[in-house]
Amino acid sequence: MTRQSGYLLPTEKEAPADAEATSHKLMVRAGLVRQLGAGMWTYLPAGWRAHRRVEQIIREEQDAIGAQEMLMPVIQPADLWRKTGRYDIDELFKLQDRKGADLVLAMTHEEALTFHVAREVRSYRDLPLMLYHFQVKERDEPRPRAGVLRTREFIMKDAYSFDRDAEGLDRSYERQVDAYDRIFERSGLEWYRVESDVGMMGGVGAHEYMAPCAAGENEVALSDAGYAANVEIASAEAQAVDGLPEPLSAPEPVDTPGASTIEAVSKLLGVPQGALIKAMPMIRDDGRPLLVLVRGDHRLNEIKLQNRLGAPARQASEEEIRSVFAAPPGFVGPVETRVPVLADEALRGLSGLVAGANEPDRHLRGVEPGRDFEVNWGDVRDVVAGDRCPNGGTIRIEPAIEVGNIFKLGTRYTEPLGARFLDENGKEHDIWMGSYGIGPARIVAAAVEQYADDRGIAWPRALAPFDIHLVTLGKEGEEARAVADRLYEELRATGLEVLYDDRDEGPGSKFADAELLGAPLRLTVGRKGIEAREIEAQVRRGQEKRTLPLDGAVDAAAELWRALP
RNA sequence: CGGGCUGUGGCGCAGUCUGGUAGCGCGCUCCGUUCGGGUCGGAGAGGUCCCGAGUUCAAAUCUCGGCAGCCCGACCA
């Protein structure tokens, strides 16, 4: 029953005062969602419709690659999480039952499913296996934000593959890549598949699916030549520095009183920032110090550094800089330092550089890595727009929202949870595992972000809560009302999802609400049109209007709808 | 976790500095009017001023403590 007169669709003229993101404002204004607390959101009927449409696309594509839908609990024994070493994650909600037993609210379901697989799968004959469910995830986010884009509770489709070896995992992973490509293609979103960091998940490979939009929390490095990677791991050739100083035969000191920042030194000495060596004193996880160098106009990428080192590292405190690095903060440099040096590739081959002198108010110029100090090399900087891709393209950087991610986990979870199988020779092996997540709410929000205009949402056809918004301007007893009533029934009979605005409102507010809610096609039945034996059709994207003959209007509308994006 | 901001009918806000009857717009109810782009007029309903303690004859307003929400950053499976 989707007559608007009886449907809970509370639209608002004004957005919540504290909303910033487009999707946050519009999803509230259009009556799709309401907030219950920080990072806690209720889906009202129309919003839940959009969510379910996304779910259904995902479900169909998962089923199509042989994944089997199931359901696992959110509340779980803490022991499982202790076994995989994830119990101490801050984002994990922890609680106790009345007996004092430790429980957690699951943030994903690797532990639970691997627990079951460890018990039910004994033989290579049981593999490969692909399972999934749609289930609430709970995460104690340090900072929920932007409406439904980052919440503490959300529904995720998470799928898990189980294979006998790495080759099997590769095949399962490729099947999910195909399924995900189809899911996002069908959703109508603009999207990229990008290489990504494996993060805390552990494992051996990962991709993220990104939907570009202004409210996105991630940055994606792209090139027209087809390169696509999360900036967290993106790699490219640095642009040359304009105006590098002439090389010197040996470093020479130069007074730089008070110039402890790249900008200050650059200005004081009249050299470009790219001619400076930015020296970052770091302390590795095992306590060993390390001096990391990047070009002055570049930024250190801590994820790439961590991957290069194989272990986390943090910035040294000022105290540690003085004691361990024997240098005043702001004037640290690689020449005659007492700690190992790791330099970014962008510094390779450069000379005539300026670096800290490890004494107060002084720098060295004419520095050349390799000649003036021993160095290990690594790619540890953020790429910047304009860098050259290995394949020839030029990097640009766009904000994007992560709408899906896929991981090759390997034996990260199966090993600690004892998920093993016997091969043909009766020999036992760990099962190889992959995990594949999608957040339907983010797909909904990304669609709102990508296609909104100044009047409201403009859904892609695949995700709209309603296919057609039928608006009657006729009052009870008028012909326009009777015609619209009939049209409503006939449209529904074709299988289209129709929202019928039969409210006793003026045309202005009905049109405004329809454009705010954003169904791809609006049909208007009014007295003027009836007299001319026609109804008006307006395509939401671009607001193009046309008239359809009243006779055969249902078929004409359905045909028009099918042609929409 | 660091920085900033905000809590006043359903929504958006004023009032707080300078203590003294709680206000405006939208929305809501009823009557009339209008009816292809948020009509117009009239009459109404609706508020623990986030919570607690304190100062005072008197607190939305001053003081102290707490809670909640938002934004930036850190963080983020």
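Beyond its neighbours within four places in sequence, Gly274 is in contact (C-beta atoms, placed from the backbone, within 7 Å) with Val241, Arg295, Gly296 and Asp297. The model is a predicted one, in which local features need pLDDT of at least 70 and side-chain atom pairs count only at pLDDT 80 or more, while totals for chains, interfaces and linings use all residues. Residues are numbered from 1 along each chain as its sequence is written, and chains are lettered from A and ligands numbered from 1 in the order in which they are written.

Gly274 sits in the loop between helix H6 (262–269) and strand S14 (277–284); helices (H or I, at least four residues) and strands (E, at least two) are DSSP runs, numbered from the N terminus. With 22 other C-beta atoms within 10 Å, Gly274 is buried; the term asks for 20 or more such atoms, against 12 or fewer for exposed and partly exposed in between, with C-beta atoms placed from the backbone. From Gly274 to Ala159 the C-alpha to C-alpha distance is 46 Å, and the two are 115 residues apart in sequence.

Chain A as a whole comes next. It has 13 helices and 29 strands, and its C-alpha atoms fill a box of roughly 95 × 65 × 50 Å along the principal axes. Of its 565 residues, 42% count as buried.

Helices H10 (residues 479–493) and H13 (residues 553–562) pack with their axes 10 Å apart, at an angle of about 50°. H10 is therefore oblique to H13, given that angles under 35 degrees count as roughly parallel, over 145 as roughly antiparallel, 65 to 115 as roughly perpendicular and the rest as oblique. Axes here are lines fitted to C-alpha atoms, for helices over the stretch in contact, and angles run from 0 to 180 degrees between N-to-C directions. On the H10 side, Leu487, Glu490 and Leu491 meet Ala553, Val554 and Ala557 of H13.

Notes: Two residues are in contact if their C-beta atoms, placed from the backbone, lie within 7 Å.
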